[in-house]
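Here are some notes to read beside the model, written for someone new to looking at structures. Please keep the 3D view open and find each place as it is named.

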Amino acid sequence: MTPEDARRPLIAGNWKLWGTQGQAADYCERLVGMLPGDLPADLAVCVPFTSLEVCVEALRDTPVSVYAQNMHQEQTGAFTGEVSAEMLTELGVDGAVLGHSERREYNCESDRALQEKVPAAQDAGLVPILCVGESEEERERDETQRKLRTQVKEALERVPDERLPDVVIAYEPIWAIGTGKVATPEIAQEAIAFIRALVGDRSKDAAARIRILYGGSVKPDNAAEILAQPDVDGALVGGASLDPKGLVEIAAAAAS
């Protein structure tokens with residue numbers, strides 16, 4: 001098996017600010033009932049802190065992983081409102097989304113903080129999904145590669161080469177998140193191939209093995225074309241994942 005063959009697609013549904021404990025329990029029950037026996041992709045839900053335990057319990061012994069939507073790099077301290085990696089692993093959480101553009105914009109998430117968050121997640125046994133992507137203005141100024149280079153290199157700076165394949169990167173062009181605009185498959189492939197090349201500057205083996213997802217208005221009706229691109233290893237799905245049927249349909253598209 002080549003390293004590329006080992007890149008099993010990952011479809012992760014990001015609930016964002018949605019999902020009371022009651023809604024989460026209902027969602028998970030419906031999702032489990034829809035899972036096919038031969039799921040062609042790894043499946044995950046990224047849920048609010050208050051619903052993590054509900055989802056971990058409801059999805060135990062299923063192929064669905066549970067991710068948090070954020071995590072602080074420190075284990076303890078004067079960080080009001082934050083949650084540590086240890087708190088997540090105690091609940092049985094599998095990973096955490098880090099550096100989502102909404103947190104970068106509204107919560108001042110910085111590349112410097114991500115330098116600490118990504119290895120802290122790995123040290124705790126969590127899978128980090130590192131989000132990167134350019135704004136519409138940066139794309140119009142032809143600064144996409146500059147932005148991606150800065151984000152990827154800074155966030156992964158303290159990750160040893162041998163641990164790079166255990167990071168998941170999600171390319172989410174900011175202009176396509178929740179806007180209904182979708183990067184063409186060609187745009188997604190070009191950007192993700194560039195990200196893979198950046199990882200390759202550190203380690204060719206890691207570049208061949210690391211999973212890089214696309215995110216930005218992914219839906220069941222456009223997923224297959226995006227997921228068919230050679231460097232796209234899955235999707236970070238927003239609004240379409242709030243219906244478990246949509247999430248399962250997108251996962252099924254990974255086989256086409």
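1. A pocket, as the word is used here, is an open set of grid points with protein on both sides within 12 Å along at least five of seven lines. In this predicted model, the largest pocket has a volume of about 310 Å³. Of the 16 residues that line the largest pocket, Lys16, Gln69, Asn70, Arg103 and Asn107 are the closest to its centre.

2. Which helix gives the most to the lining of the largest pocket? It is helix α4, residues 101–106, which contributes 3 residues. Sorted by class, the lining of this largest pocket holds 6 nonpolar, 6 polar and 4 charged residues.

3. Please look next at helix α7 (residues 144–155) and helix α8 (residues 185–202), which pack at an angle of about 45 degrees with their axes 10 Å apart. Angles under 35 degrees would count as roughly parallel and those from 65 to 115 as roughly perpendicular, and α7 and α8 are therefore oblique to each other. The crossing in which α7 passes α8 is right-handed.

4. Where α7 and α8 meet, Gln145, Leu148, Arg149, Val152 and Lys153 come from α7, while Ala191, Phe194, Ile195, Leu198 and Asp201 come from α8. The residues of this contact divide into 6 nonpolar, 1 polar and 3 charged.

5. A further pair is helix α1 (residues 21–34) and helix α11 (residues 244–253), whose axes come within 9 Å and cross at roughly 35 degrees, in a right-handed crossing. Here Tyr27, Arg30, Leu31 and Met34 of α1 meet Pro244, Lys245, Leu247 and Val248 of α11, and by class this contact has 6 nonpolar, no polar and 2 charged residues.

Key
Residues are numbered from 1 along each chain as its sequence is written. This is a predicted model: local features need pLDDT of at least 70, side-chain atom pairs count only at pLDDT 80 or more; totals for chains, interfaces and linings use all residues. Side-chain values use heavy atoms; hydrogens and water are left out. On a 1 Å grid over the protein atoms alone, a cavity is a set of points where a 1.4 Å probe fits but cannot get out, and a pocket is an open set with protein on both sides within 12 Å along at least five of seven lines; lining residues have an atom within 4 Å of a point. Grid points are joined across faces, edges and corners, and a volume is the space filled by probe spheres set on the points. Helices (H or I, at least four residues) and strands (E, at least two) are DSSP runs, numbered from the N terminus. Ala, Val, Leu, Ile, Met, Phe, Trp, Tyr, Cys and Pro count as nonpolar, Asp, Glu, Lys and Arg as charged, and the others, Gly among them, as polar. Axes are lines fitted to C-alpha atoms, for helices over the stretch in contact, and angles run from 0 to 180 degrees between N-to-C directions. Angles under 35 degrees count as roughly parallel, over 145 as roughly antiparallel, 65 to 115 as roughly perpendicular and the rest as oblique. A crossing is left-handed if the near helix is turned anticlockwise from the far one by less than a right angle, and right-handed if clockwise. Contact means heavy atoms within 4.5 Å.
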